Amino acid sequence: SLEHNTFDADILVIWESSRGSRRTGEWVNLIELCEMRKVRIFVTTHARDYDPTNARDRRSMLEDAVDSEYESAKTSERLRRSTRAAAERGQVHGKNLYGYRRIYDQQTRQLLRIEEHPEQAAIVREAAVAILDGASLYSVAKSLNERGIPPRRPARVPQRAQQGWTPTAVKQMLCQPAYAGLRQHQGAIVAQGQWPALI
């Protein structure tokens, strides 16, 4: 609303400087907009407001912007390193994969192990064997649908729910390295996974 001059107030309240933006360039744009619209910026954690037309206040806000961007970049780097390290140890990442189930400690909710799902694992193996024996993706999907086997991903839209298994879904499933017990990271196999191979 600042851009379209529909901001009906003379002060903008934000919790802390990083809420304005974690990108210095975006912070500069916000400060310039506030200066143009004669809007002051109140930062709750600082318990004070800043006047974008005041040179000292502008410098303080820009220094905060640089600090916020630097801290955000450091956090991102740490997360990337941590994710990569976990992948190289073969640890699981993301949602549970069809064909498996995760067993958690009931008190701590810590992951104890990943094991074969009693019904789904057989479906994965069956589909793999059928394709290796020369069956088409279409015929595998048709067979699963005719037997009323629920698709690996619940459909979010009613129309898709009627489709059930599709040739594309079967192909996507069988092309996942995780079913061979392999851990993938950014498109490359980096380790043996900490779960049993189904194929």
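A: Let's start at alanine 47, which counts as exposed because its relative accessibility is 60% (buried means under 20% relative accessible area, exposed over 50%, and partly exposed in between, using a 1.4 Å probe and protein chains only). Keep in mind that this is a predicted model, where local features need pLDDT of at least 70, side-chain atom pairs count only at pLDDT 80 or more, and totals for chains, interfaces and linings use all residues. Residues are numbered from 1 along each chain as its sequence is written, and side-chain values use heavy atoms, with hydrogens and water left out.

Alanine 47 has a positive phi of about 55 degrees, although it isn't a glycine. You'll find alanine 47 in the loop between β2 and β3 (48-50); helices (H or I, at least four residues) and strands (E, at least two) are DSSP runs, numbered from the N terminus. Lysine 38 also has a positive phi, about 60 degrees, without being a glycine. Lysine 38 sits in the loop between α2 and β2 (40-43), and with a relative accessible area of 63% it is exposed.

Now look at arginine 48, in strand β3. At 33% relative accessibility, arginine 48 counts as partly exposed. Leaving aside neighbours within four places in sequence, arginine 48 is in contact with Ile41, Phe42, Val43 and Asp57 (contact means heavy atoms within 4.5 Å). Between the C-alpha atoms of arginine 48 and threonine 83 there are 39 Å, with 35 residues separating the two along the chain.

Next, the helices. Two packed helices are described by the angle between their axes and the distance between the axes. Helix α2 (residues 24-37) and helix α3 (residues 55-88) have axes that come within 9 Å and cross at roughly 155 degrees. Those axes are lines fitted to C-alpha atoms, for helices over the stretch in contact, with angles running from 0 to 180 degrees between N-to-C directions. α2 and α3 are therefore roughly antiparallel to each other; angles under 35 degrees count as roughly parallel, over 145 as roughly antiparallel, 65 to 115 as roughly perpendicular and the rest as oblique. Their crossing is right-handed, a label for the near helix being turned clockwise from the far one by less than a right angle, with anticlockwise giving left-handed. On the α2 side the contact uses Thr24, Trp27, Val28, Ile31, Glu32 and Glu35, and on the α3 side Arg58, Met61, Leu62, Ala65, Val66 and Glu69. By class, that contact has 7 nonpolar, 1 polar and 4 charged residues (Ala, Val, Leu, Ile, Met, Phe, Trp, Tyr, Cys and Pro count as nonpolar, Asp, Glu, Lys and Arg as charged, and the others, Gly among them, as polar).

There's another helix pair to look at. The axes of α4 (residues 120-132) and α5 (residues 137-146) come within 10 Å and cross at roughly 145 degrees, and that crossing is right-handed. Here Ile123, Glu126, Ala127, Ala130 and Ile131 of α4 meet Leu137, Val140, Ser143 and Leu144 of α5. These residues divide into 7 nonpolar, 1 polar and 1 charged.

On to the rings: searching the whole structure turns up 2 aromatic pairs. Rings of Phe, Tyr and Trp (its six-membered ring) pair if their centres lie within 6.5 Å; planes under 30 degrees apart count as stacked, over 60 as edge-to-face and the rest as tilted. Tyrosine 98 and tryptophan 165 make an edge-to-face pair, 5.6 Å centre to centre with 80 degrees between the planes. This pair links distant parts of the chain, 67 residues apart: tyrosine 98 is in the loop between α3 and β4 (100-104), and tryptophan 165 in the loop between α6 (158-161) and α7 (167-174). Tyrosine 98 is buried at 9% relative accessibility, and tryptophan 165 is buried at 3%. Tyrosine 100 and tyrosine 179 have ring centres 6.1 Å apart and planes at 10 degrees, so this pair is stacked. Tyrosine 100 lies in strand β4 and tyrosine 179 in the loop between α7 and β6 (182-185), so the pair ties together parts 79 residues apart in sequence. Tyrosine 100 is buried at 2%, and tyrosine 179 is buried at 1%.

Finish at tryptophan 195, in the segment after β7 (188-192). Tryptophan 195 is buried, with a relative accessible area of 11%. Not counting residues up to four places away in sequence, the residues that tryptophan 195 touches include Tyr100, Ile114, Ala178 and Leu182.
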